Amino acid sequence: METGRFTQTDLAKYPFLKETAKLVKQLGLKIEEVANPDMAVILNRAEERVREAILSISVGKKREANVEIPSFPVALMLVIATKNSFIKRRYALAEAKQAFSDMQAESSEKILAIARDFDWNIELNRDFAVPLEFAVSFADYLRNTTHLRDKKWKLVNRLLANGKVYLNKQDVTRLLQEEVQRRIEKRLEATELPALPEKIVEIATRLLELAKESIGQEEMEGFPKVVTQSAFPPCIVALYEAASKGRHLSHIGRFTLTSFLVNIGMSPEKVAELFKSFSDYNERLTRYQIEHIAGERGSRTRYTPPQCVTLQTHGVCVNPDALCRRVRHPLTYYKRKQRQFSSSLPKAS
Ligand code: SF4
C-alpha cells in the first residue's frame, strides 16, 4: 500500500517519519489498551526494541509492518516511563543508527523523501562535473555537523557552491542519522505521562534494572552537565592550578587532568584552553590528544584517570583529605562531593 511518498514497508523501517506518526494516529492506539493480551506481540516487540538498545545499541530483528509500526510509539512510551536520561539517549541513538544502516540500501529518491520529511532543502546534483550525488543547503549541513568531530566534516574540506554543500549518499545518510536522533530525543522529552497500565510500569522497571546491570549505575547516571570546580579532589586541584599557570606537568599529570575533565563533561575546546599557557603548546596536537582521550578519535574509547593507588605511586596524589580516605578513584571523589553539595542545598518548598 502506498502512503504518500512512502510505502508501508518504509514506514515500518523508518517509524520516526511524520507519515508513520499520522498512520499510528489513524490506528487509534490507546495507552490503556497496550497491555491487552491481543496487543502482546506489539508490546513484546516494543520491549525488545528498548532492550536491544540498552544491550547493544541496536533495535533487534524487524517484524511485519503491522507490528513494527505500532511497536515504535509503544517503545517510546516504555522509554519515557523509565524516566532515565541514559536510556532515552541510548534508545534514540540505537534507532538512528538502525535508520542509517537501512538507508544504505535505499535509492537516491527515497533518501530525498526522508530528508524532506525533516524539511531539508536538498536536491539531486545535476552537475555532472561534480561526482557527488546530492546538494544540501548550507544551513542543513551546519545544523547536523555540530557534533561531528572528524576533519572531513569541516567546511574547508567540502565542495560548496551557491549556498549548497555537495555530498555523497554515505554522508547525507550520516547527517540524517543526526536528525533522526534529535527527533526521537525530542519525542522522549515528555515528562508527563497519563496513568500507565501496571504491566507497562513493570516492563519499564525491568528495563531500568537491565540498564543498571549491564551498563553500571555509575556510568548510567553520568555526571551532571555543570562542572563543579569546588568538588575537584586535591590531586586535580593541584594539576588544574599548575596547568592554568603554565607550569610543567608530567605525562601522567597531563593525562590525569585531561581524562578527569572530559569525563566530568568539560568540552575538549575548554580543556584545550587550559593548556594554552604551556611553553610547548601546539593547538592542533593538543586538540588531537584531548579528543583521543575523550574517545572522539581513534579507538572511540573514552579514557578515565588512573586509580588513586597509581597516582600515589607517581607522586600525583597531593594533600589527600578526609574524603580521599574513602575513595579509590578521583572520579568517585568528585561524584561524592557533588552529591554532598546537592544534598546540602535548601530544598524548594
Ligand atoms: S586520594 Fe585519590 S582523589 Fe584524593 S588526592 Fe589522592 S589521588 Fe586524588
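**Overall build**

The model is predicted: local features need pLDDT of at least 70, side-chain atom pairs count only at pLDDT 80 or more, and totals for chains, interfaces and linings use all residues. Residues are numbered from 1 along each chain as its sequence is written.

The chain has 16 helices and six strands. Helices (H or I, at least four residues) and strands (E, at least two) are DSSP runs, numbered from the N terminus. The C-alpha trace spans about 70 × 60 × 35 Å along its principal axes. The chain holds 349 residues, and 33% of them count as buried. Buried means that 20 or more other C-beta atoms lie within 10 Å of the residue's own; exposed means 12 or fewer; partly exposed is in between; C-beta atoms are placed from the backbone.

Two residues are in contact if their C-beta atoms, placed from the backbone, lie within 7 Å. Among contacts with a separation of 6 or more, 70% join residues 24 or more positions apart.

**The ligand shell**

A residue is near a molecule if its C-beta atom, placed from the backbone, lies within 6 Å of it. Around the ligand are Pro233, Pro234, Cys235, Cys308, Leu311, Cys317, Pro320, Cys324, Val327, Pro330 and Tyr333. Three helices each supply at least two of the shell residues: α11 (234–244), α15 (308–313) and α16 (330–344). The shell has eleven nonpolar, no polar and no charged residues. Here Ala, Val, Leu, Ile, Met, Phe, Trp, Tyr, Cys and Pro count as nonpolar, Asp, Glu, Lys and Arg as charged, and the others, Gly among them, as polar.

Asn319 lies in the loop between α15 and α16. Its phi is near 50°, a positive value in a residue other than glycine. Most residues other than glycine have a negative phi. Asn319 counts as exposed, with 10 C-beta neighbours inside 10 Å.

**Two helix pairs**

Two packed helices are described by the angle between their axes and the distance between the axes. Axes are lines fitted to C-alpha atoms, for helices over the stretch in contact, and angles run from 0 to 180 degrees between N-to-C directions.

α11 packs with α12 at an angle of about 105°, and their axes are 10 Å apart. That makes α11 roughly perpendicular to α12. Angles under 35 degrees count as roughly parallel, over 145 as roughly antiparallel, 65 to 115 as roughly perpendicular and the rest as oblique. On the α11 side, Ile236, Leu239, Tyr240 and Ala243 take part; they meet Gly253, Thr256, Leu257 and Phe260 in α12. The residues of this contact are six nonpolar, two polar and no charged.

The axes of α2 (residues 18–27) and α4 come within 10 Å and cross at roughly 95°. α2 is thus roughly perpendicular to α4. Thr20, Leu23, Val24 and Leu27 in α2 meet Ile69, Pro70 and Pro73 in α4. This contact has six nonpolar residues, one polar and no charged.

**The buried face of α14**

Helix α14 covers residues 283–293, and Thr286, Ile290 and Ile293 in it are buried. Seen down the axis of α14, its buried residues fall within an arc of 60°, so they line one face of the helix. The arc is that of the directions from the helix axis to the C-beta atoms. These buried residues pack against α12 (251–263) and α13 (268–274). On the other side of α14, Arg284 and Leu285 are exposed. Just after the helix, Gly295 takes a positive phi of about 80°.

**Single residues**

Ala81 lies in helix α4 (residues 65–82). Not counting residues up to four places away in sequence, Ala81 touches Leu193, Leu196, Ile200, Val201 and Ala204. Lys83 is in the loop between α4 and α5 (85–103). Phi of Lys83 is positive, near 55°. Asp280 sits in the loop between α13 and α14.

| Residue | State | Other C-beta atoms within 10 Å |
|---|---|---|
| Ala81 | buried | 20 C-beta atoms |
| Lys83 | exposed | 12 C-beta atoms |
| Asp280 | exposed | 8 C-beta atoms |

Ala81 and Glu192 are 111 residues apart in sequence and 9.3 Å apart in space, C-alpha to C-alpha. Asp280 and Leu249 are 31 residues apart in sequence and 11 Å apart in space, again C-alpha to C-alpha.
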